[in-house]
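Subject: Structure handover

Hi,

Here is the structure, as promised. Please open it alongside these notes.

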Amino acid sequence: MRLSRYFLPLLRDDPKEAEIVSHKLMLRAGLVRQSSAGIYSWLPLGYRVLSKIERIVREEQDRAGALELLMPTIQPAEIWRESGRYEVYGKEMLRISDRHEREMLYGPTNEELITQIFRDGVKSYKELPRILYHIQWKFRDEIRPRFGVMRGREFLMKDSYSFDLTLEDSRISYNKMFVSYLRTFNRMGLKSIPMAAESGPIGGDSHEFIILADTGESEVYCHRDLVKLEPPGADLDYESDLTPIIQSWTGKYAATSEKHDAARFAKEVAEADRVIARGIEVGHIFFFGTKYSEPMGCKVQGPDGDLVTVQMGSYGIGVSRLVGAIIEASHDDAGIIWPASVAPFDVGLINVKSGDAETDRVCKDLYVKLEAAGLSVLYDDRDDRPGAKFAAFDLIGLPWQLIVGPKGIKAGEVELKERAGGARHTLSFDAALHRLAASAEPGREAA
Ligand code: 5CA
């Protein structure tokens, strides 16, 4: 992509309305624009990041055996009356009525709708277990939308729902989602820690997946070993017994402030191992048994012919929140540092003398070759000061900057800068291409 034809409205100064670094950087780097409180448009660069995050989430859900569908954003009030949540949900729910005065709502979550779909489609225990998911916009009329996309009113969520015949089986589904979350966040360069949590209006048992960041909304307490624990690899068999993995992650103390027990923390965790930090909740998984299936009559015929009420769980990931969370975890004074797996482009190709025939020619040649090697390139072909270009590319945080100028060309060289850490390498054209092509090879997809 040529920057001269792209849409990248950068801001030089920190916007006044932004309190935390990710919000500032998302506005400055032209990723999003606010349309009204807590509601954002995703500009081309931001939308590429959002899509990459969405793709990782989808791949890991599919790997765990979950099935993707797509439910609407607008739901009828009726099904929420069936579950008994229509009144309980309160002002956070955006209630609307259509031209026939039918009560509708913009979905804040989808337990009711999926339960209705499942109830109407599944009759026998032979069709269990199943995990269904979608990635869809939600609306919650938060009292205080803030921190940009981290606590929005409209936000993109991945929500999965499990259906099982027995309590035991539903534990297996819960474990699959638990493990897939560890892998999902790890692929985005994040260290997530599952913590016992309050389930709030969703109900039941739950774990929040927290990443540690100074600006996090929740205070969290955990054992240091959990910060060092490695998630399972891509070769994990989801049909095997996942209990040992779950135990390794839940066997040590980890709790958000709502569930924190100071006495237990002091007793179970040696002082040197105590981590007290702030965290961002990027995922939340719930087991709630028959909380929705019972009132909504979601039953299947069991092996002995009796009707059995289905056991359910739900599993959320804040897809749009993750864009902010990743920036919180990965930035410096100059701007964003995208982990390669979610970067909007792999390489920024910086022409330091646009208009100079030889520099333009070399840049164009490198551009074509990089794209042919499977890399996505944002080519800065604009007529601007080199300093301004360098600052812009540090701000938008692509993993690599390939800097091409007339002086280097004379010596047959270009400069390759790694955004993370700032290391610079002076290389021949071919060596630079090689180095970049290698970074695009195996592991990039499967990570
Ligand atoms: N039905 C369940 C699981 S599918 C549910 O709604 N869970 S939740 O309320 O915890 O939300 C799931 C995830 O969405 C959260 O972990 C968080 O990452 C994200 N999320 C929740 N509220 C917001 C919000 N206002 N802005 C951005 N992301 C949010």
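On helix α2 (residues 44-63), the buried residues are L45, G46, V49, L50, I53, E54, I56, V57, E60 and Q61. Buried means under 20% relative accessible area, with exposed over 50% and partly exposed in between (1.4 Å probe, protein chains only). Note that this is a predicted model: local features need pLDDT of at least 70, side-chain atom pairs count only at pLDDT 80 or more, and totals for chains, interfaces and linings use all residues. Residues are numbered from 1 along each chain as its sequence is written, and side-chain values use heavy atoms, without hydrogens and water.

α2 has 20 residues and spans 28 Å from first C-alpha to last, close to the expected 28 Å. The expected span is 1.5 Å times one less than the number of residues. After α2 comes G65, with a positive phi near 95°. Helices (H or I, at least four residues) and strands (E, at least two) are DSSP runs, numbered from the N terminus.

Next, the sheets. Strands of a sheet pair through backbone hydrogen bonds, either parallel or antiparallel. Two strands count as paired if DSSP finds at least two bridges between them.

Axes are lines fitted to C-alpha atoms, for helices over the stretch in contact, and angles run from 0 to 180 degrees between N-to-C directions. β4 and β6 (residues 103-106) are joined by 3 bridges. Q75 sits opposite L105 in β6.

Another open sheet has 5 strands, ordered β20-β19-β21-β22-β23, and its pairing is mixed. Its edge strands, β20 (377-380) and β23 (424-428), each pair on one side only. Neighbouring strands here are turned by 20° on average, direction ignored. β21 (residues 400-404) and β22 (residues 413-418) run antiparallel, joined by 4 bridges. W400 has E418 in β22 as its bridge partner.

Last, a pocket. On a 1 Å grid over the protein atoms alone, a pocket is an open set of points where a 1.4 Å probe fits, with protein on both sides within 12 Å along at least five of seven lines; lining residues have an atom within 4 Å of a point. Of its 14 lining residues, L10, L11, A388, A392 and L395 are the closest to its centre. Helix α12 (residues 386-396) gives the largest share of that lining, 4 residues.

Best wishes
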